[in-house]
Amino acid sequence: MAEAQKKPKTGGSQEERFLEAFEEYSDPLFRHAAMRISDREKALDLVHDTFTKVWSYVRSGHKIDSFRPFLYKVLNNLIIDEYRKRKEMSLDSLLAQEGVNEGSFEELVEDSAEAIAATLDGRHAFDLLRFLPDEYREVITLRFVDGLGPKEIGELIEESENVVSVRLHRALKALRAIFDKEASSIHRPE
Amino acid sequence: MKQFAQQLKKRSESVKMTMEERSQLRERVLSFMEYHPLPGSQAVDLRSLAVSRSRSMQIPNAWLWGRLAGGFAVLMLIVLPTLAEDALPGDTLYPIKVRFNEELKGAFNSSPYAKIEWETERMERRLAEAQVLAEAGRLTPEAEAEVANAIKQHSDAAKSNIEAIRVSDNDEAVMAEIALSSALEVSAEVLTSRNLDSASSTPLLSGAVSEARASLALTNNEVSYDKIFSRLETETTRAHEYLGTLGQTITTSEKGDIDRRLRDIKTKTEAAAIMKETDQSAAVKQLAEALGSTRKLISFMTNLEVRRNVTVEELVPLAPTEEERKETIKTKMADASNWVALVERELSTMSTSSNDYLAVSDTVARYRELESEATKALESEDLEGAEVTAGFLLELSQALRDTMDGLGFTLDETGAEPESMQ
């Protein structure tokens, strides 16, 4: 069966390199967009817009060494824009308001993110992601699905690495809270 | 964190574009590029660049035909078969893949074991092809039925080859059965995992695999210990080699999981060597299990579809080490003991002549007896016995708690409820 394509990094025209980037990243970018905004059509549009924007950037004379972080950044900004557009209409805005104001490192000492993640079922978490505000969905998807490290995420969303770690931690805590809420509504008290 | 990440990532892999969506997207981006070309660039044929980069299954280039017009035989014997290798059911080149390439390969198999391995591999290929189609949303019911039929055919072929060699070489037959059984189990795991996502569920395929497994009667009491031992050595060496060469293909945590299980298998092998002195058939059984696990691990390492759908743990569940078992037993006993201590404290406030007191204190006495049994079992390394008794202890302590609760006593909890109570 076809294995992951080898990427010839040397040479190639700009068109070629761009098209290679399309083949390589369109799937993960789509996955990321669809998990953030849960609207397939829109996700496809956003991925399309990402590539066309990046192409325009290349066209205007800029040289891109590594497409990956660049593509992710453009896509992320587009997603955030999309979210802002929807904010008035959605319930998420209420959730988002309850504060993604950043906590402190002390929070991380009690109850580390590792410990929380160890109690969560990743498969189930996938289903519950849509209940999280987008700021939390953003870091969880970037970290666990796209595989970016906290530093890379920081560069992408323009926050410090500390802020990313704390946000991840709070996101996992929020997931945990949703789990527990779900569980307690299923089990009747004795 | 790693398991959470693994599970979330795996689930998320179900979110993907269909082939159609993908090619539409490509079209849109290409059009944009054509309307906004790079300044000063020569007219580049973007379409052929894009096509050669994408995973199109058709014969891509007209020039290929032109160049080989003279060497038609070359085309038929070398080029087409090579191009056919990636073909899926429904593609033009698929019949070449199945009827020509695979049959040709099959003709070169020498040993019966190789023939059976080949039929097994063909069966796995059919399954993998079906999965690729299913994910792309292209698996029609007819195609699924065809693949289910192919599964039956290949596994039947493997089985009749097995029977054929059983006459002259029972050991080979048994080991081939183990190989076939492992392959079917792996396929069943992959299908089960995929069928959780109802959009890509393939009931016909699951049915075909279950049937194939059911009719495989494993009789391995009469295998020669030495033969199975040496086959196991060969396979574990292969597994280690694969592990060494995989590089980026599998994650570090998967490598760790596989490594851990290979060490487990080594331990089991050594244990079997000792067991052989007293109970040869049990030793053989243990080696047979180890052989099955090894083949499953190899399957994991060499098969992308398997890796994408199951974890190492699901495929080869880990048997806890002795140390781990002892730890679990001790934890259970400690938890139970803590609760019973609290019970005893409240007990001492009760009137010693009341029926309640007598009932509870009798139970506590029974608890103490069991406790010392468990301790003795632990000391004499009877882990199974200790595990069973520790289980009773936990249940008893729970019952005592409930009783005291019912009598109106609140047991003073000093900490969170111990995990082993859940």
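**Salt bridges and the contact between the chains**

Mentor: Over all chains, the structure holds 35 salt bridges, a salt bridge being a side-chain nitrogen of Lys or Arg within 4 Å of a carboxyl oxygen of Asp or Glu. The model is predicted, with local features requiring pLDDT of at least 70 and side-chain atom pairs pLDDT 80 or more, whereas totals for chains, interfaces and linings use all residues; side-chain values rest on heavy atoms, without hydrogens and water. Residues are numbered from 1 along each chain as its sequence is written, and chains are lettered from A and ligands numbered from 1 in the order in which they are written.

The part to examine is the contact between chain A and chain B. Chain A contributes 44 residues to this contact and chain B contributes 41 residues, contact meaning heavy atoms within 4.5 Å. Together the two chains bury about 4,300 Å², of which 65% is on carbon and sulfur atoms; buried area is the accessible area (1.4 Å probe) that two parts lose on being put together, summed over both.

Polar and charged groups also take part. There are 17 residue pairs in polar contact between chain A and chain B, counting pairs with both residues at pLDDT 80 or more. A polar contact is a pair of N or O atoms within 3.5 Å; within protein, one must be able to donate a hydrogen and the other to accept it, and residues adjacent in sequence count only if both atoms are side-chain atoms. Seven salt bridges join chain A and chain B. One of the salt bridges pairs D27(A) with R22(B), whose closest N and O atoms are 3.3 Å apart.

On the side of chain A that touches chain B, two or more residues each come from α1 (14–37), α2 (40–59), α6 (113–118), α7 (122–128), α8 (134–145) and α10 (161–186) of chain A. Here helices (H or I, at least four residues) and strands (E, at least two) are DSSP runs, numbered from the N terminus. With 14 residues, α1(A) gives the most to this side. By type, the residues on this side of chain A are 24 nonpolar, seven polar and 13 charged; Ala, Val, Leu, Ile, Met, Phe, Trp, Tyr, Cys and Pro count as nonpolar, Asp, Glu, Lys and Arg as charged, and the others, Gly among them, as polar.

The nonpolar residues lead to the core. A nonpolar core is a set of buried Ala, Val, Leu, Ile, Met, Phe, Trp, Tyr and Cys residues joined through side-chain atoms within 4.5 Å, where buried means under 20% relative accessible area, exposed over 50% and partly exposed in between (1.4 Å probe, protein chains only). The largest such core has 66 residues, and F67(A), I140(A), L172(A) and F4(B) touch the most other members. Its largest share, eleven residues, comes from α1(A). Apart from residues up to four places away in sequence, F4(B) touches A117(A), L120(A), D121(A), G122(A), A125(A), F144(A), L172(A) and L175(A). A second, separate core of 32 residues includes M175(B), I250(B), L297(B) and V316(B).

D121(A), one of the residues that F4(B) touches, is also joined to R123(A) by a salt bridge, at 3.3 Å from N to O. D121(A) has 28% relative accessibility and therefore counts as partly exposed, and R123(A), at 30%, is partly exposed. Elsewhere in chain A, a network of salt bridges links R36(A), D134(A), E138(A), E159(A) and R167(A).

S38(A), in the loop between α1 and α2 of chain A, has a positive phi of about 50° although it is not a glycine. E158(A) lies in the loop between α9 (150–157) and α10 of chain A; its phi is near 60°, again positive in a residue other than glycine. E158(A) is exposed, at 60% relative accessibility.

Finally, chain B has salt bridges along its helices. E163(B) and R166(B) meet at 3.2 Å, N to O, and they are about one helical turn apart because three residues separate them in helix α8 (residues 141–166) of chain B. E369(B) and R366(B) meet at 3.0 Å, N to O, and lie three residues apart, about one turn, in helix α17 (residues 355–379) of chain B. E369(B) is partly exposed at 47%, as is R366(B) at 39%.
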